[in-house]
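The sequence and the coordinates come first, and the description follows.

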Amino acid sequence: MRAKATDLAIDGGPKAVPSLERRTSKIGTEELLALIDLWEISPDRKEKIRQIILAEGEITGPHLSRYYHPKGKSRVKAAEDAFQKILGSKYVLGVNSCTSALIAALRALGIGAGDEVIVPAYTFFASASSVAACNAIPVIAEVDESLGLDAADVEKKIGKRTRAIIAVHMRGDPARIDMLCGLAKKHKLFLVEDVAQACGGSYKGRRLGTFGDVGCFSLDFAKTISCFEGGFLVTDDEWLYTRAQSWHDTAACWRPDRYGKERREGELFCGENYRMTELQGTVAEVQLGKLDSILRAYRQAKRKIQADIGEFEGVTFRKSWDEEGDTGEYLIFFLSDGEVTAKVIEALKAEGVPCGGLYDKNVRDWHVYSYWEHILGRKAVAPDGLPWSAVPEDELTNYSPDMCPRTLDILGRSVHVEIDPHFTDPDCEAIATGINKVLSAYLS
Ligand SMILES: *Cc1c(COP(=O)(O)O)cnc(C)c1O
C-alpha cells in the first residue's frame, strides 16, 4: 500500500518537514570584521583579513559560549588551566568579573542574610558591595601602612555574626596574609582574598589568592592583565568549586549531566549567569602567557625609580610584607602631613610625574570607605530593606565617615606613582629626578 500524504510519518507516511537549512551561529564574518574595526587597521589589511576569512569557506560563525560546542577545547578552559598552573591551586573558574567572583565565592561559602563579612576601609567598592549583594552586612576595618587590612582592628570587629574576612591585596602589594589566615582559623571564619589589584603577586614565594578558602581575580581593563572584562575564582576545595560553578551558571551547562538530579545536597540552588565567553577566554590565555614578563617589567621600573629617590626626612615608603612578592605596579610613599602631601602631588604633576593621592577630602572616590554612601546610608535595592533589615536595629554595625580615622590619615598622606611596564631607564631616571626635585623643595 502506498503511503498517503495524510499518513503520519511515524506510521511510514511522508515527513511534513523533509529538511531544514542547517542552522548556523548568528555570529559570522561581519561580526569578526566589526571586531577588527576596533583597532585602526588600514583598509588594505582589512581587505586581506576578509579574504583570508572567506578563503576558509563561508564561516558558520564561532560559538562564543564555552559550553556550547566550541571548536576543539574551550578557550575559557584553556585559560583556567593556564592560571591553575601558574598558581598551583586545584580549581580555577573563569567568570565575567571579579565582582562576580566575589559574589559567587561568598554564595558558595553559604553566606547570606544576617551574616557579617569584614572588609577593608580602603579597597575598590566592589569588595564591600559584593557582600551586600549577597544580603550580608559589610563591617569595615582599618588598613595599616601596607594598605592591607590591619589584623588587630579586624580582630576587634569580629562578632557573633561574622562569617568571613575579605583580605584585599591593594595596589600590587600583599596584605598581611599570614596573620589574617591565623585570625580566620582562630575564629573559625572563612578567608576570601580579593586579588583584583595584585594578580601574579606572591607572599613568601606563594602566589596571592592561594592562602584563603578562595581567591578572586579581575581581568578588567585596568588590571595587571586583562581580557576587557573578566575574572577568576580560585580554590583548593572541590565542594566550594562545585557550588561556585552552580552560582555562576544557573543554566547548569557546567554539570556533567546538565539536568541530572542533585548529586549531593547543596549542589543545586538558584544562581545567576556569570559565564566567561570564549572571546574573553582567548584573550585571557594569551595575557596569562605574558604575566611574568609584565611583572618583571613593572618590578624593574619600580625598583629603578625607588633606588634613585634620595632620603628625605618625613618620607617613608609604603610598608611591604614581602618586597619580592609586590607586583611593582605602584610606588607609594607617605609624607608626614596631609596638607604638604596635596601640594607635593600638585608639584609632581606639574613636573610630569604620573602620580596622584589616595584620598583627598574634596574628591569623591569609591576606593575610600567614607564615600560608600550606599553602605554608610544603609541603602537597599528593594522595599524589603535587605541586607540591613535581617539584623535587629540595635545590633547593626554603626557606620560613619570617620569610623576608620587611621585609614583616612594614612591615605591622606600618600603619594602614589603609577608605574608603566614600558618605562625605559631614562623614563625612570626622569621620574626619580622629578620626585627628588619636588621633595627637596617642599621638605627642607
Ligand atoms: C577592580 C576591582 C574589583 C572589581 O573587579 P571587576 O572585575 O571590575 O568586577 C574588586 N576589587 C578590587 C580591589 C578591585 O580593584
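## Conventions

Helices (H or I, at least four residues) and strands (E, at least two) are DSSP runs, numbered from the N terminus. With these labels, Ser226 is placed in the loop between β8 and β9 (231-235).

The model is predicted: local features need pLDDT of at least 70, side-chain atom pairs count only at pLDDT 80 or more, and totals for chains, interfaces and linings use all residues. Residues are numbered from 1 along each chain as its sequence is written, and side-chain values use heavy atoms, with hydrogens and water left out.

## Overall architecture

The protein chain has 13 helices and 13 strands. Its C-alpha trace spans about 110 × 65 × 40 Å along the principal axes. The accessible surface of the chain (Shrake-Rupley method, 1.4 Å probe; for residues, only the protein chains shown count as cover) comes to about 22,400 Å², and carbon and sulfur atoms hold 52% of this surface.

Of the 444 residues in the chain, 50% are buried; buried means under 20% relative accessible area, exposed over 50%, and partly exposed in between (1.4 Å probe, protein chains only). A contact means heavy atoms within 4.5 Å. Among contacts in the chain with a separation of 6 or more, 69% are between residues 24 or more positions apart.

## Aromatic pairs and charges over rings

A pair of aromatic rings is described by the distance of the centres and the angle of the planes. Here, rings of Phe, Tyr and Trp (its six-membered ring) pair if their centres lie within 6.5 Å; planes under 30 degrees apart count as stacked, over 60 as edge-to-face and the rest as tilted. Nine aromatic pairs are found in a search of the whole structure. In one of them, the ring centres of Phe83 and Phe217 are 4.8 Å apart and the planes stand at 85°, so this pair is edge-to-face. Because Phe83 belongs to helix α3 (residues 75-87) and Phe217 to strand β8 (residues 214-218), the pair ties together parts that are 134 residues apart in sequence.

A charge sits over a ring if NZ of Lys or CZ of Arg is within 6 Å of the ring centre and within 35 degrees of the ring normal. The charged end of Arg264 lies over the ring of Trp239, 3.7 Å from its centre. Arg171 is placed over the face of Tyr330, at 4.8 Å from the ring centre.

## Backbone geometry

Most residues other than glycine have a negative phi, and most peptide bonds are trans. Asn135, not a glycine, has a positive phi of about 70°; this residue is in the loop between α5 (126-133) and β3 (137-141) and is partly exposed, at 24% relative accessibility. Ala252 also has a positive phi of about 70°. Ala252 lies in the loop between α8 (238-248) and α9 (278-308) and is buried, at 10% relative accessibility.

The peptide bond from Leu386 to Pro387 is cis, with omega near 5°. Pro387 is in the loop between α11 (373-376) and α12 (405-412).

## Ser226 and Trp39

Ser226 is buried, with a relative accessible area of 13%. Not counting residues up to four places away in sequence, Ser226 touches Leu219, Asp220, Phe221, Val283 and Gln287. Trp39 lies in the loop between α1 (29-36) and α2 (43-55). From C-alpha to C-alpha, Ser226 and Trp39 are 17 Å apart in space, and they are 187 residues apart in sequence.
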